[in-house]
Structures are given as structure tokens and as C-alpha cells.
Amino acid sequence: MVFLGNSAIGKRSKVCLGGILIITISLFISGCWDQKELQERLFVLAVAIDKADEGGDSKEEKDKKSIENFVQPNGKKLYHLSYQILQLTPASGSGEGSRKASISTYVISGTGESMFEMLRDMLGQVSKGFWFEHIQAIVISEGAAKQGGLQPLIDLFHRDTEMRWLIKLLITSGEAKKILEFKPPSGEPGGMFLARSLRLYKKNPHVPGWIPGLEEATQATDNKKTVQISRVELVENIVKIGGTALFKEGKFVGYIDEYATKGTAFFSASEKSAIITIECPDHPGKILAFELLRHETKLTAHVSGEDIYYTLDIGMKGNLGESQCGIQHDAMDDAMVQKIELLVAEEVKRNILYAFHIYQGLQVDPGDFAAKLRAHQPLAWERVKEHWDEAIFPNVSLLPSVNVTIENIGSHN
Amino acid sequence: MRELQDRNFVLAVAIDKADEVKEVETFFQPNGTKRYRVSLQILKLASGGEQKEETKTFIKSNTGESIFEMVRDMLGQNSKSLWFEHIQVIVISDAVLKDVGLSEILDFFKRDAEMRSRIKIYVTSGKAQSIIEFNPPSKEPGGVYLANIIRLHLKNVHVAGSRTDLGYTIQYFDNKSNILLPRIEMADKVVKLSGSAVFKKDKFIGYADEYAVAGLKFMLGTEKSAVVTIDSPKTPGYQVVFELFRHDTKLTPHVENGVIYYTDDITMYGNIGELQGDTSLNDTLDPEYLRILEVAFAEEIKRTIYYADKVFKKDMKVDPVSRFATKLKSHEPNTWEQVKDQWDELYPTIPLYVSVNVSIRNIGNHK
Amino acid sequence: MRRIKCPRIRKLSADRPEASIQQAERQLTKLQQMTRQSTVFGEEIGDLVDQLRQVAAPSSEPFIFTSILEENKKLLQTIFKDCGDIEFRNFDVGEKSALLVYLEGMADTSNLERNVIKPLMSQTGPDNTNTDKLSEIFTMKSISEHILGASSVSVLAKASAAIDAVMMGNALLLIDGLSEGLGISAVKYVKRNIGGANNEHILNGPNEAFTEGLTDNIVLIRRRSRDTNIKVQILKIGERTKTSVAILYVANLVKPGLVEEVERRIRLINTDKVLASAKIEEFIVDHPWSPFPQVQTTERPDKVLAALYEGRVGLIVDGTPATLLVPCTYNVLMQSPDDYTIQPVIASLIRLTRNVTAFIAIYLPAIYVSVVSYHPGMLPTTMAISVAELRARTPFPSFLEAIMMEILLEVFQEAIVRLPQRLSGAATMLGAFVVGTTIVQAGLINPLLVVVVAITAISSYSMPSYSFNLALRWLRIPMLVLASILGLYGVIIGILAVTIHVCSLRSFGESYIGGLFDSNLLSDWKDGVVRLPAKLLKERPKEFGSKDQTRSGEEDG
Amino acid sequence: MANLEAKRSMSAFQLAIVVFVTCIGAQIMLTPRALIAQAKNGSWISVIIGGVLFYIATYLMLRLGKKYPDETIVEYAPRIFGRMGGIFVIAWLNLVFFLQVITIFYGVGKIITFYMFDRTPPEVVILALLVLCTYCALQDWGTILRIHQFLFVIAYSILLIVWLTSILNFQPENLLPLWPVDVKGVIAGGLSTWGMYGGYESVLLLLPLVYRKVSLNKLAKEVGLAFIGVTLLFLIIIIVIIGVLTVEDAKNLPFPALIVIRSVELPGTFIERLENYLLVTWIPVVFDTLAAMMFFMAQICMRQWRHADHRPALLLLVPIIYVGSVLIDNPQIYDQMGKLTMWVGLAFSFVVVPMALLLSWWQKGKVGKDCG
């Protein structure tokens, strides 16, 4: 077709194009590979990872396990994986009239070492394929975390494309599966309940919500930073989130309590609002609460010669949230307000140092300090980065300076 | 002609040994013994979309020898006539299979015109009736749920479910080949499909575990997608998972001066599905490491296949689904002519040489 | 004992009735009759021919006029054979006999009586004495100049011209002794009178619409502009119908070469009849296979005039109110006269909305299908859950669902368009009930899809040009197919394919949509994607390449 | 088909648009990881280095082209290098385009199948895109130019808008320290950005299409604008990647440019899983690059074979391209191809073109002497 005239070429090319089109179209029609209707998928809303030999004491639990098991060529039975699956209730045509208020879920579980293998094997228990794009939370039991560290547990979830990166990570000291089986009073599916309650960290500094999800955890592990995972506990039918579990290079280090968490929130400037309670200046034993609204926090690393120290300047603005100091004390007069401000500042400072020392005790850097140093003093960082966690960080000093201003005192004196 | 709503949808059938006979659920029988206990799972018709009651189905059962007779007798227990055109599953307990051939049991179903040939057949070691009494957590009717489980065999390498419904089973009967049926087990509130029951002709031999089934699927190339786990080469004690999504498998018989042997050439493409253990040590972004993994995976797959081969050759002495026989018949017809009558003895002695080649396409979302 | 059975010999006709003798005879007699008739026809044709061939006529002409009236009359009668509506009126002018031939119903008889017959007959009265004077008066020219009172008269020497004139409704006057005819225009036939535009409603602004008559339509345009540069060029298309097509343009604006191109294409049209302007359109477009309209059709004189002053060319076809405007681009189709009668800001917003709705009208169902059956992960969890619950009862895959819904929609639209006014209301209500409630209640189609398709339909209705709306409707189906094959990827592939196609379309050399973002034509945005206040619209759209860019200026003719 | 104005020739600005569109293509998704792994925090510097470097190359090409008005390299290469040399150079240029095209096709097929599909084989994805590009490249240049402008306005703006939503969790901290620790990596990174900038060679073919009256300086200015735009875009991408994911993290992700957006959740809107949207808006960008390159390849072949029409050449090329892109079947080969492409391209811009310039000057000089 080299020596064809123009028009002829036009025709020829059209023909060829048509040919290509037909071929492709037929090729397409031959298989709509990935078409899978929405209602044909099982919404996995939450995942729980336990140690294989956790729980399961009673008889039927035992043989249940034996069924959820499968012959595994190599590796041992380490983990017990459970999925919380949404139960679809068909909405009848007449609309919300017969829609049920609560969305119910059920739990499927299997045992093995590789998450992926378990996943595939659990397909033997369900009638539709799992679908992970809407996972909300991953609950890890302390046992599982201690066993192999964090990485084996979450690897699948950040390797697979189906997973969304906003999955919330949680850790519990009890059995994680129980938390999946827990039905929230609000009637919303358990996974979403957990995820949403974690979203509230902005208001509740007792939760390390600023590292809520898989993405941050992955980042932290990649940067060899400390991973902080919120802790969730289930007492018979109350789920409470509070406190933090610390992972250092994937190894479980320990929990820190709410107070320390709050302190962390302060010095990593990640809280939006907080309640700081102090004792009344003149009535000991009575409580007065300061509601933090805005703050600017500045953590700076200083290197003077060999030794490294940090200064933390915090300016807080807020209201007088609650004062149980009785009528006679007058929140109007400035002296009083001044005093309160000082006390609050003191309190915050104490809180920060408390948290900081806990971290130093655990020889775990919450992340901010190393990052600051790396960012602002790269040379110093180069010098110390090998033995930062064990040698340098524990005897780095932190000098907080807090400045509180109370903007208004609420609607009543 | 009868209206739809006047029929009883039979969704699942369970066949057990007639152990204890409730005198209501039976009938006087001139000849034969009370051999089977047949239970039918029947759909409750609920109007519209509301899911008031917990279960959607109820069970009727009866004992006798002729299944047809029992079914007819069961009309005595129903207000509406039974309707078999929507049967989804037949669950058979191996207690029955121990002494009766599969074909005798399935005879009624293959004879009756109402039966659809896509009925799934499962084998269980426990009571079959309890399995069809199971009501699934997702509020589907039990029979449908059970039938749909096997649809996922493409992804679940532990289930051999490619051609195991009534139609194919009967087809296997007709050309006297061996049969493989998926195995289903139940413990309270959990039903699981894994492994498979092996039949020689129609005689029940035993169960093959998941690992053997996986090996078999690899060997015959019946899997669409599978996961292969190995111990991570760099960080022992942790696992690396290979997710297979495309493969081509060629099982070819060879005859050299009277000696029959099979070769199995497998090429597999897939992703790294999961990599436990420290990612800084095993760096999936450098090609050499991928090479190592590929070799390791190939080894593992080979091992699986040989395991399955051992199970079927040594332990059971069954040519699974007579695939080897058919291969030989189609490729080397005249050899087949010579060996076909002593094939069953011959088969366990025939060697199989496997060569696997794995290529990793993707490493996933994260290193 | 057995006996050999021999078959009885029967007549062939017994089992083959068509082979019987009577049958054959009947056929024979029929045949004879036919031959007889045919001979008769042959004779008739024969003498017709020699009637015509008495006089030697050039091949182009059926005959030539002789000076003997009887001859002419006979010749004309043979031409107008079996035309019942041709009127031959004999009368005398002086002692000469005259003949008036006209088409009954298309010629104005009263006018003829007043202006032709009366004056001619009155000629005999006073001066019959000097016949020679009368005779030298008696040339057609002089008659037309002195005697006839008709407004437009033409001397017709050629027979074909005379015949055309008669067929157009003029009257043909023949006088004994003169070998030429006189065409007297007294055309008057029944026609619709000018009404409002019923296909392109606008809220405020002129609302006159074209009618079927070519002349009236041209009048409608002339009346709006006293510009001598508006040229009208009339061609006759159609081998048999000889429909007249008028090419309108503004001489000193139109892009050089455009008119010639249009004329060339129209002259190339080779067809027997032109009944509607759509036929012309099909002949002159560049890509007859494309679903998109490449010629703008309108029935509004003001639109046409506006287009002319943008340097475009209008085509008015006799017998159809729908007028064609070329070249035509996406931009033009997206505009409605209303845009110029409301506030510029609002108009701009409306135009933007139109572009968006055009997009929605094509792709929304496809996107729905691809999201629901390929990427439900793109929905937020709560929404995904509720959608899944909606769909939990629907038996079909979303693709089938959508296709069914589309078909249903098309059917309803057809029904409503075809039905008479009174019934269409019922049809709509039926549709509303069936689709809206029953199907959803029955769980065949889930409510979400109904919403989607409804939105699509509505947005496709909001297109200013109906044919463009049709194109959008057509494009929906392939998009759906693509979506069901490759999901969102398929949809984007489809979008790009459509873009390529639309960019490759040329309407008389103007790219269909390419001009929209052409960096050289950005100044057209002022009256393209948005509409600026009239004060600022100083230039004409560049893309039509009009000779004189500025709308008002000294060099403007 | 009467085309009253074929719009065969274009303005300098349109040339700039074409350069911009051809430069920015698939690579914005495929290459950042390698770059960041190489140049760490200093990646932004290497992007700028790359920009300057390749602008210089383009300027040389412009000069070269302006020496021979109304001619493409296909015509004047033989006159500079002699017949064989000319054919060699042209083949080289074509190879540059070819390698880019097939690597892009492979990359696209891989990324799309990986993120949007589960079981669809990449061949299908590639084929679909290939058919589309063929359809586009079959049109005449006027149409393609219009398509380019259309996408330049629509696709790129949408892509940027979608992509910039990832600003939401941008942390400046991660950028620090701005100044790189190892300079070598940064320089090497600068060279390796060729993968991103590749495509500017098209000016060698496009120059004759530009109005003759446009001066070299104006051309240089406009194309410079294009390059500034491209560099800015890449800068934004790199900076946002590093700012959202840290350097360490980005090194560990095969497609950081895509992952960046995964963790975005637009507050208050119902939109989630933005990476799908990003991919969708990215496809047109890839498409126009590919279509343009395929058109150029066809053009080269056409002029080489002295045809009047580029379409048969294109239709000959299509199967070759398809086979080429399918033959790459695992990441290792892909990496090799990427490197090969880079070096071939670099060599072309920085060896062949300057050589051509020198030779042409020398020849001109000689001609002058001959004239006396």
C-alpha cells in the first residue's frame, strides 16, 4: 500500500481502521472481566487480628476453629483473622418505609499465618466475594502485635490496592474479635462506629487521633518513626477509646495513658481543642476547667556544641469552660483571671513534661523531635542518628514555655 | 398447571443414613430396608421485601429406600406440592457413601425431568441434614447460600469446584471416569467448603485435604487465581505471598519405548500479594530479589504439585477426574488401547515431571 | 392371493388443475385482448407524435410556436394531455381569435378577466375600420405595452418557457397570426399565512416564523433589514420538482469562497425531488455518517438575519419553513435567541449550564453503570451501602437495567411525539406511572437508575437544537456499552473518541468544536461560551472568517 | 472534502502548546519514584536542572530548524550528514519516539490494570488506548492541533484541580532540609528527568508548520514559556509528593504520585477514593502525548518514503507498536527499556543535534567561499 493515491489511501485506511475497531470491540465483548455488581460483593467493614490460640476455650469454639483451619504447607498457625461483614437488607421498592434503622453485621473468621491466604481460604465460608474498599478499621489484639510486630499484620492492607488509606488502626489488650462482634447502641455498623469515634480526636486529646490511619502508620514505619496507635477496650458492652500503644520499628513497646497522650497532643501541636482542668486557686478540691480553643505551638531544636535541647513555646487562647468554685469567687476580676491563666499554663507544662518523661523512659521518640532535628539541623542529625533512640533522646532536655490567655468566661459569671 | 405461589420451592436436599426413624416421618414399605433419610429444605414465601422472621426456610425429612417414594410420601407432610426445579444443592453425608455408590443415590435426580443440571453436590462427614438446617448470617435462603459458596472456587484454591455439579457428575458416570466432589463441613454457625471427596468410579474413597486440592488444581491448571505462600528467603519465619492471576499449564503424556510418563509445564504470572517481615531487608524494588522470590515460589508450587501427586497416586491410587487417562487417550490413542484395561493398576506407577516458571508482574501498592 | 396393483391412468388436469384446456383458452383470450389494446395505444401514440412532428422543432424544445393559432392550440393540448386543470379560453380580439391558457387554481381568474380579457375584447369596439392599424398594433410587445393592464408581462418565444410559465401559474396568451406567446403573471394560490414559531419558542423577542412559501420567507428577511448587500440567489433543484432554493448572504461580509462553495455543492445535488430542506442538508454536509447536525436549521427570520450578519450563508428551500444556515459549529448550536434578550450575566450562566448538561446527557448513565458495577469504591461507604441495599432486589446487572430504561424512555418519547395532542397527555401519565412507580415497586429497576435516566433525558431536552438533542440521545448507547465493558476507563475512552470525532468534523471548513478552544479564536468567547453585554460585542465571530471583523465601522458597507 | 481553511499552519503559541502537551504525558505518574529515590530531598533541584538542560536542547533544535525553513529534519538531515547518515539520524529520531511510545503504553496498561481493574488483562487496556490513539493520529494535523488545544484547556486544568486536592494533607516539615546532602544524586536525577521532559524533539518536525514570518526569538520565547510551564508542573508534583508522603515513604511506593491522593478525604463532600478520579483525568493527558508521538512517527515515515499521506505509514506502525508494548512483560525489562530510552534520547538531543548545527554552519561557510 505504499504507492496508493491519496483518496485510495483514505478509503484503505478507513477500512483498516474499521477492521481494528471490529477486532477490538469483539475482543471487548468476549469478556467483561471485572464487572461485579455492587450487591454481589460482601462489604468488609472491619478487620480483627488475634493470636491464633487466643480465646476459643469452650468445646464448640474448639471445633469451630478446627473448621476455620486449613492445611498449611509452611509456617505455623499464628493469627486468627476475623472480618466484620455488612448484612445487606434489601430496601423494598416502597422506600424507607420498610428500611430498617440499624444496619447489622456479622463476623467471619479463619486461622493461619499469611493474611492473604486466610482471606482466600475464608471464601469457603461465604457465598459472595469479599470486598475491601470500604474497610473502616483494623483492630489488632495486643497478643498478635507482640507476636510478630506490626508489619506482618498491616502489610497486606497497604500492599493491596483495594484497601483505602483512611483505615483506622486500633489496638486492644483483650480479644479483638469481640470488638467486631460488639453491636454499637447507635445501630450503625461497628466498623464505622469505631472509625467515627476516632475522628473525634480533635475534641478529645485522650486519643492519638492525629495518627489515625493506615497511611500515617505506613509512613511512620517507612521513616523508622514511632507508630502510635489508639487503644480501644471492650468491657462487656461498652467500647472506650483512649490511650496509646507505641510501636518502635514495628515492635510493640507499651501503652501510655490518657494523660501522657494529652501531653503528646500538646507538644506535637495536633490538638484542636482540649479541656484542661485545674484546682481552683482559692478552693482546693474544687475543679475549674479551661477550654482550649486556639493555640500556636512551636517546637524548635537547638544544638549548642555537643548537647541538643528543645524549646517548646505554646500560646493558648480559650474560655473558662466550667468552674465549680462556687458563687463567691468572681471570674470577672482580672487578678483572678490572671491567676487562673498562670495555673492553667503550669498545668499544661506539667502535663507536657509528664508525657515527655514517659517517652524518654520508654526510650521512644514520638517522632516530632527526630523530625525537627533532621529538618532544621541536618548535620547534627547526621551525627547522632545512629544511636538517637537509645542514647541521645532519653537525655535530651525539653524546655516548655506556655502562655495562656482566657478570652471570655462563658455566658455567666 | 399450578401457580407459582402454590408450589413449595425445594432449595436443598440432604441425604443421610437412616439412623433413628421417627415413626411420623416414614411409611410402611413392602420391600427394601429403611436405608436413607432424605431431608428437603423448603422456602418460606415472604411477601415483599420485609425480613421479619429469622429463617427463610424449613426442613422436611423422611426415611425409606427409594428416594422417589420418599419424596412422594413427603407430600403427606406438606400443604403444597413439592417443586424441584429450583434445587440448588444436594448434600450427601459420607456415612451413606461408605456403603452405597454415588450413582444409586443420584439416580433419582438424574432421571427426574424437573431437576436442573447445575445442582451443586457436596459431601460432608457429619450429618447432612444439619448443614441444610444451617441458616446463613447474610439473610439468604440456605440453599442459595450453599450453592453460591462454590462459585468462588476460582479464587479459593482450596476448593476444587470447577465441574462438580449434577450434570457433569452424570457425565462422568457415563464415561466411567473418577469423580471429585467438594467437601463441606459445619460446626456451630460456621459452614465451610474446603478440600474434596475423592471417588473411584462412583465409589467413595476418602478426602483430599486443601493442600492436595491446591496441588491438583495447579497440576491440571483448573485454577484462575490462587495464592502461594513461602517462607521469606531474607527474613525466615515470615511469609511471602504470591498472588497468581494468570497461568498456562500444559500436561502432556509421553510414551518412550513403552514407558509412559507425564510432563507438566506451568508458567505463572502474578503479583506479590503480601510480604511479612521487614521490607528494608527484602527490597521488592530490586530485580535480583524478585528473581530469588520467583525461584522460591516455583519451588513451592512444584512441591505442592508433587504432594498432590503423592496423595493421589500412593494413598488413594485414583487418577483424579481421570484427567491423566483422558490425556493419554487423546494424545497417544494406540498406547491407551494397550493399557486401558489395566490402567488403574498402572496409574500409580506412572511418573510425573513438573517444571514451573513464575514471573512477578507487580509488587503491589507499597514496597 | 395377491394381485398386482396397477396405477390407474388419470388426466393430468385431474391433479394439476392449471394444465386444463379451458384454463389455457381463457389465458389465450386475455392475451389477444391485450395485443388489441396495445395496437390501439400504438396508433394513438403514433398520431400524437406526428401531430408534434408536423413542425420541425429543435431537440431541446417540444415544439415551436407557429403563427396559426389552431396549430398552437393543438400542440399545447397534446402537451397538456390529460391535465384536467388546464383551462383553454378562446376569445376574439377584433377579428383575430386569441387563446388564453392558464392553470386553474393557480392563476387569478378575476385578475385575468379585468386586466387581460376585457381590454383585449374591448379592442374591437371603436376602430374596426382601419384593420391595418390594428394589425400593426398587433405585436405581442405593443399589446403588452398598450393594452394589457397586468403588472408583469413577458414575451415568450420558446415553447418550453411558455409551458413552465403556465405550470408556475402564469397565464399564456396566444393570438392568431403571432408566433409567440405572452406570459402574464397572475399567480395566486392557497397558502398558509405567517404564524408564530412553534418549534423554537422564545420567551420575549420576535416570534414570527417562516412559512412554506419561498417568496414570503425572503420577504420576512428583507422586511427586517434595508440592506442592499443582502443578496438572494435562486437555484432550481430537483430534476422533476424543480424546487427553487434561495442562497442568502451579505455580499461584503461573507467569507470569500464560501458562497461559491455552497453553490457548487447545491448544483452537484442530483435528485428527482426536493420536498424538505433536510434533503438539501444531507446532500451538502461533509460527513453524512456523523450523528451530529452539521447544518443549523431554524424557522426564525431573526436568527437567519443574525447569522447572515456574522458572515454565514442561509439556504431557504421552497416548500419548507425550516431554513438552513452554514457553516454550523457546536458553538452556534448551543446558542438560543433568548440569550440576547436576557441579562448577559444570566445568559452566560445559562450557556455554561447548557454545556454541562450536554455532557451529562451523554455520559451520566454510562458513569452510573461503571461506578456501580466496576468501581463502587468511589462511593463513600454510607452511600455505597444504601445503593447496594437499593439494588439488592433488582435481578438484572446494571448495564441491562440501564439499556432497558433507555429503550423505555425512547419508546415513550416516540409515542408522545407521534400521538395526537389529546392522547399524548395520557401517554405521559401512563409512562410516569409505569416507570416511576410500578417497575420500581416490582423491583425490576432500582429507583436510583430511574433518577439517573430521568436527569439524562431532561438535560438532553434542554438543548436549543432538536437535532443536536437527537445526536446526544444516539451517543448514549455506545457509551453505555463501553462502560459495561471497561468501566470508567471505557467511559473516558469514549469521551476522548467523541472529542476526536467532533474535532475532526468540518462544516464548510469550520471545525465543529475545535474552534472552541483554538488559541487564535479566543476572542470568540465573548459571544461563545459566555455572552458579554452587547456594548462589548464589537467584533464578529472570527471563526466564520467574515471579511469585515468589526460589527460597526466606517468600512462597513 | 472542501476544507476552506485547512489550518495547516499554526502560530508560535500553538507550537508552545503542542510542546507542552507532548512533554507532559504518562511520565508524571511513572517516574517520580525513581527520581525521588535518586535525589532525595533535592529532587526539586534536579527537576529545574532538567528543565534548563532540555530547554537548551530545544533551543538548539529551533536554531537548526530555522536554518532550513519549510523543511523537516527528514529533508535536511541527508544534506547535512550525507545520505546514509541522514537515514541513520532519522531512524534514530524515530527510535526515540518509538521507545517512548511503547514504554508509555506498557506503563499505562500496568498502572490502569493495577488500580482500576482486577482481572482485566493489560493487553486489553493497551489495545483500547492504541485504537483510540490511532483514530486520533489518522486525522490531519489541523484536527490534532485542535484536539491538543481542547485537551490543553480541559484535561490539564481538571488534572491539576483533582491533583492539588492532596494539598489538604501537605506538611512543609517533610520538605526540609531543602539543600541536598549528596550533589551527585541530584545531578544524576537531573539527567534522569529526561523521561519526564521527553517529547520536545517534536519541534524538529513541527517547525515548517509554523508561520514563516515568526522569528526565531519569538519561537524561543514561546517555547520557553512552554518549558517554564512544564517545569512548574513537575515542581508542584514533586514537592507535593515529598510534602505529603515523606521521602522515605515515596521511595517505597511504586506510584507515589497516585498514592499521594489516596489518603485525601475531602471534608463535607461525598467524594472519596480520589485516585480513581485522578487516573481518569490522567488518561487524556497520556492519550494526547501518545497520539502526537504516533503522528510524528507516521510523519517521519511518510516524508522518508515520499508519500503524500501519513495514514498508511501509521497503519503499518500500529501493529509494531502493539507488539513492542506487549513484549515488555516484567518490571525488569521495563526498567532496562526506560534506561535505554533515556540514553538514546539524551544522545540524540546532545550529540546529534549540536553536530548537525556545526556541520550546517560549516557547510554554509563553504558555500559562501564557493560563491566568492
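Begin by selecting helix H5 of chain B, residues 142–149, where 7 of the 8 residues are buried, so that H5(B) is mostly covered. Here buried means under 20% relative accessible area, with exposed set at over 50% and partly exposed in between (1.4 Å probe, protein chains only). Helices (H or I, at least four residues) and strands (E, at least two) are DSSP runs, numbered from the N terminus.

The model is predicted: local features need pLDDT of at least 70 and side-chain atom pairs count only at pLDDT 80 or more, while totals for chains, interfaces and linings use all residues. Residues are numbered from 1 along each chain as its sequence is written, chains are lettered from A and ligands numbered from 1 in the order in which they are written, and side-chain values use heavy atoms, with hydrogens and water left out.

**Further along chain B**

Proceed to B:Thr164, in the loop between helix H5 (142–149) and helix H6 (166–174) of chain B. B:Thr164 has a relative accessible area of 5% and is buried. Which residues are in contact with B:Thr164, leaving aside its neighbours within four places in sequence? They are B:Ile121, B:Ile150, B:Thr169, B:Leu180, B:Leu181 and B:Pro182, where contact means heavy atoms within 4.5 Å.

Next select B:Arg7 together with B:Trp83: the charged end of B:Arg7 sits over the ring of B:Trp83, 4.7 Å from its centre. A charge sits over a ring if NZ of Lys or CZ of Arg is within 6 Å of the ring centre and within 35 degrees of the ring normal. In the pair B:Lys313 and B:Phe324, the lysine lies over the face of the ring at 5.8 Å from the ring centre.

**Chain A and its aromatic pairs**

Colour chain A by secondary structure to display 13 helices and 13 strands. Of its 413 residues, 57% count as buried. Among contacts in chain A with a separation of 6 or more, 72% join residues 24 or more positions apart.

A pair of aromatic rings is described by the distance of the centres and the angle of the planes. Rings of Phe, Tyr and Trp (its six-membered ring) pair if their centres lie within 6.5 Å; planes under 30 degrees apart count as stacked, over 60 as edge-to-face and the rest as tilted. Over all chains, the whole structure holds 52 aromatic pairs. One of them joins A:Phe130 and A:Phe132, whose ring centres are 6.2 Å apart and whose planes stand at 50°, so the pair is tilted. A:Phe130 is buried at 9% relative accessibility, and A:Phe132 is buried at 5%.

Then select A:Phe369 and A:Phe393, a tilted pair with 5.7 Å centre to centre and 45° between the planes. A:Phe369 belongs to helix H11 (residues 368–376) and A:Phe393 to the loop between helix H13 (388–392) and strand E13 (397–408) of chain A, so the pair ties together parts that are 24 residues apart in sequence. Both residues are buried: A:Phe369 has a relative accessible area of 0%, and A:Phe393 is at 0% as well.

**Chains C and D**

Select C:Ala366 in helix H13 (residues 344–373) of chain C. C:Ala366 is buried at 0% relative accessibility. Beyond neighbours within four places in sequence, C:Ala366 is in contact with C:Met479, C:Leu480, C:Ala483 and C:Val491.

Move to C:Cys503 in helix H18 (residues 466–504) of chain C, likewise buried, at 0% relative accessibility. Not counting residues up to four places away in sequence, C:Cys503 touches C:Ser511, C:Ile513, D:Thr143 and D:Ile147.

In chain D, display helix H8 (residues 183–192), where D:Gly185, D:Val186, D:Gly189 and D:Gly190 are buried. These residues lie on the same side of H8(D), because they cover an arc of only 145° around the axis; the arc is that of the directions from the helix axis to the C-beta atoms. The buried residues of H8(D) pack against helix H3 (32–39), helix H4 (43–67) and helix H9 (194–197) of chain D.

An aromatic cluster can be selected next: D:Phe54, D:Tyr55, D:Tyr197, D:Tyr200, D:Phe227, D:Phe234 and D:Phe350.
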